[in-house]
Amino acid sequence: MSAALRMVHGVTHHEPARARPGYTLFAPMYGRNVWLIDMWGAIVQRWQTENLPGNYGELLPNGNLLFAGRTLPAAIPEFAGNGGQIVELDWDGNAVWEYRDPHLSHCFAPLRNGNLLVNKWRKVPGETAARVRGGQPGTELRGEMYGEAVQEIDRDGRVVWEWLTFEHLDPERDVIGPFHPRDRWTNLNSLEELPDGRILVSFRVIDTIAIVDRETGNIDWRWGPGVIAGQHHPTWLANGNVLVFDNGAHRRYTTIDFSRVLEVDPRTGEIAWEYKENPVHDFNSFICSGAERLDNGNTLICESTRGRLFEVTREGDIVWEFASPFYYEHPVFGTNNMIFRCFRYDASHPGIAGADLDPGRYEDFNALMPRRFVRSPRGNEALATSYATGALIRGGH
């Protein structure tokens with residue numbers, strides 16, 4: 001592990017005058033904790049979970065935490081991104097609702113009616129699988145290809161609606177990327193209910209984001225091949241555009257690996273806004289990650305493989321940055337501080353308003369991230385803070 005990773009963690013930059021104030025929620029991918037931090041990086045809340053993330057949690061309008069856990073053994077243990085459990089926890093960490101299925105994958109979406117969208121692994125019928133183009137030949141899983149069932153489940157765990165990806169994708173058009181195995185078509189990694197009730201989805205290995213009409217089952221809009229690669233976390237914006245984290249894994253038009261965040265207009269397919277780094281390879285996460293448009297116009301970004309959360313302005317200026325101090329050992333990735341996704345919440349959110357946010361409750365953890373204040377690059381216009389300490393939190397237990 002590099003010296004830089006050993007030495008820099010916590011909040012590395014903060015400009016209060018330009019950053020969106022609030023609290024940031026994240027779940028290290030290999031620890032049984034979900035953390036809430038303030039703008040200075042102090043831990044103010046911790047949920048301890050039964051299982052590892054599969055792969056994130058978010059606060060519900062009622063103030064509880066909805067968390068996807070990774071149960072073992074999974075139905076298909078060879079697949080990364082397995083879930084198995086979705087649990088709702090109150091502020092004290094008590095489970096008030098739970099749903100389990102060994103076929104659960106790694107994303108969910110709360111619906112306005114109180115139900116939940118989930119996705120589960122399903123085998124693609126052999127005759128359909130044989131027609132799917134692309135991917136590395138002969139890399140099916142024990143001769144099988146898997147797709148997904150997108151389901152709406154109610155509070156009793158009953159399936160009230162289902163949409164099978166392989167019944168609506170086109171084997172000739174929705175081509176698996178040439179470097180991906182043919183075990184999955186297509187590793188759906190994001191779900192969101194739109195204001196009109198349709199569903200925004202992300203199909204990673206065909207480099208496509210799409211809108212599904214729940215009434216007809218039709219794919220009303222699709223976009224991405226040749227522009228994005230291995231993307232995550234598309235979200236609908238108030239202006240009718242879509243924000244998406246473009247991971248950049250196996251880009252078709254360049255051998256350079258880099259990530260960026262895009263805002264696309266689905267009416268025209270034009271890119272309305274883009275954030276990438278200079279040089280471009282300084283911002284790069286080939287898997288996971290996400291982006292959230294904040295109500296001040298800034299964008300909160302999770303660069304997963306580096307455990308880095310940061311906020312940028314419309315002009316691309318970084319006004320807040322946090323490097324996770326929680327490191328874990330993984331048999332493939334080694335020592336890492338990966339985070340799948342993060343969310344920023346206002347102090348008025350029901351899960352936060354009136355809650356005990358005293359960082360003194362986590363004095364042992366917060367003591368490892370001492371603050372030293374430095375002048376912002378913008379001089380007197382803003383105040384920046386930097387943490388630089390050799391202490392890492394192994395496992396976060």
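I took a contact to mean heavy atoms within 4.5 Å. With that, I looked at contacts in the protein chain between residues at least 6 apart in sequence, and 56% of them join residues at least 24 apart. A reminder to myself: this is a predicted model.

**Fold and outline**

I looked up the secondary structure next and found 32 strands and three helices in the protein chain. The radius of gyration is 21 Å, close to the 21 Å from the globule rule for 397 residues, so the chain is as compact as a globular protein of that length. I also noted the span of the C-alpha trace along its principal axes, which is about 65 × 45 × 40 Å.

**Surface and charge**

I checked burial: 60% of the 397 residues count as buried. The accessible surface comes to about 16100 Å², and carbon and sulfur atoms hold 50% of that. For charge, I found 40 positive and 52 negative ones in the chain, with their mean positions 4 Å apart.

**Inside**

Which residues touch the most other members of the largest nonpolar core? I found Phe26, Leu36, Trp47, Trp185, Leu191 and Trp320, in a core of 82 residues. Strand S29, residues 339–345, gives the most to this core, with five residues.

Terms used. Residues numbered from 1 in each chain as written. Predicted model: local features only at pLDDT ≥ 70, side-chain atom pairs only at ≥ 80, totals over all residues. Heavy atoms only, no water. Helix = DSSP H or I, 4+ residues; strand = E, 2+ residues; numbered from the N terminus. Rg over C-alpha atoms; globule rule 2.2 N^0.38 Å. Buried < 20%, exposed > 50% of the residue type's maximum accessible area, 1.4 Å probe, protein only. Areas by Shrake-Rupley, 256 points an atom, 1.4 Å probe, with all protein chains shown as cover. Lys, Arg positive; Asp, Glu negative; His and termini not counted. Charge placed at Lys NZ, Arg CZ, Asp CG, Glu CD. Core = buried A, V, L, I, M, F, W, Y, C linked by side-chain atoms within 4.5 Å.
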